[in-house]
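Morning, everyone. One structure today, and I'll keep it brisk. Please have a look at it first.

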Amino acid sequence: MLFQIEVLLAEGAWEEADQIRETYLSAYPNQIPMVEYLSGRVAFAQDDYETARDHFNMAVEMNPNLQRSRYYLALAQLQIPGEESKQAARVSLELYMRNNPADSMARQLWTRAFDRDRTVVQLRIEAERLLANDEPLVDDLLVTAQDLLQEGDDIGKDLALKLVQHAVKTRPTEARAYP
């Protein structure tokens, strides 16, 4: 049922997803935190980030172990303008990453949201470190490559190309390695 909602949301079929959420509530009336999470997903898919934030926050308050709610709470908070919301997103994402350290999407989100102030020198050092690693994470390679490309200089462009080539070489079976 949950997977079906995710598919419907991806297709933009919000009303159908909401109907399944209602069916889930009827079938599992004691699972209010999950229903709050699903309500948040529907609101998020409709770009209603404040409502989504409220639902995800309620789900986390009722069940702190519902980690996807915490992740989507951070996503919703990042979409709401203002420094206060951004700081709340930082806290939410830190808590999520503490419990899910291997989640490469969360690390990528962190980098995009909070590590934008890396200097060109830091980016080049990070690129060299990643190129020396025989088993780097594809997301780390690609995020660093993207940041280097935004800097716009020739050295950064060359390093970005090497990072993408390294992603393909070290992780040829991962589709994300082929941007």
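Start with what Glu36 touches. Leaving out residues up to four places away in sequence, Glu36 touches His55, Met58, Ala59 and Met62. Keep in mind that this is a predicted model. Glu36 itself lies in helix 3, residues 32–45. Where is the nearest side chain of opposite charge? That is Arg21, and it is 7.3 Å away. A salt bridge needs a nitrogen–oxygen pair within 4 Å. Glu36 has no salt bridge, yet it is buried.

Stay in helix 3 for a second residue. Ser39 also lies in helix 3. Is Ser39 buried or exposed? Its relative accessibility is 11%, so it counts as buried. The cut-off for buried is under 20%. What does Ser39 contact, apart from its neighbours within four places in sequence? Two residues: Arg21 and His55.

Now the packing. Two packed helices are described by the angle between their axes and the distance between the axes. Take helix 1, residues 2–11, against helix 3. The angle is about 10°, and the axes are 10 Å apart. That angle makes helix 1 roughly parallel to helix 3. Which residues meet there? From helix 1, Leu2, Ile5, Glu6 and Leu9. From helix 3, Met34, Tyr37, Leu38, Arg41, Val42 and Ala45. By class, this contact has eight nonpolar residues, two charged and no polar ones.

Next, move on past helix 3. Asp47 is found in the loop between helix 3 and helix 4, which covers 49–62. What about its backbone? Most residues other than glycine have a negative phi. Asp47 is not a glycine, but has a positive phi of about 65°. Is Asp47 buried or exposed? Exposed, because its relative accessibility is 53%, and the cut-off is over 50%.

Last, zoom out to the protein chain. How many helices and strands does it have? There are 10 helices and zero strands. So much for the elements; now the dimensions. Along the principal axes, the C-alpha atoms fill a box of roughly 55 × 35 × 25 Å. The chain has 179 residues, and 41% of them count as buried. And the contacts along the sequence? Take those with a separation of 6 or more: 51% of them come from residues 24 or more positions apart.

That's the tour. Over to you.

Conventions:
Residues numbered from 1 in each chain as written. Predicted model: local features only at pLDDT ≥ 70, side-chain atom pairs only at ≥ 80, totals over all residues. Heavy atoms only, no water. Helix = DSSP H or I, 4+ residues; strand = E, 2+ residues; numbered from the N terminus. Buried < 20%, exposed > 50% of the residue type's maximum accessible area, 1.4 Å probe, protein only. Lys, Arg positive; Asp, Glu negative; His and termini not counted. Contact = heavy atoms within 4.5 Å. Axes fitted to C-alpha atoms, helices over the stretch in contact; angles between N-to-C directions. Parallel < 35°, antiparallel > 145°, perpendicular 65-115°, else oblique. Nonpolar A, V, L, I, M, F, W, Y, C, P; charged D, E, K, R; others polar.
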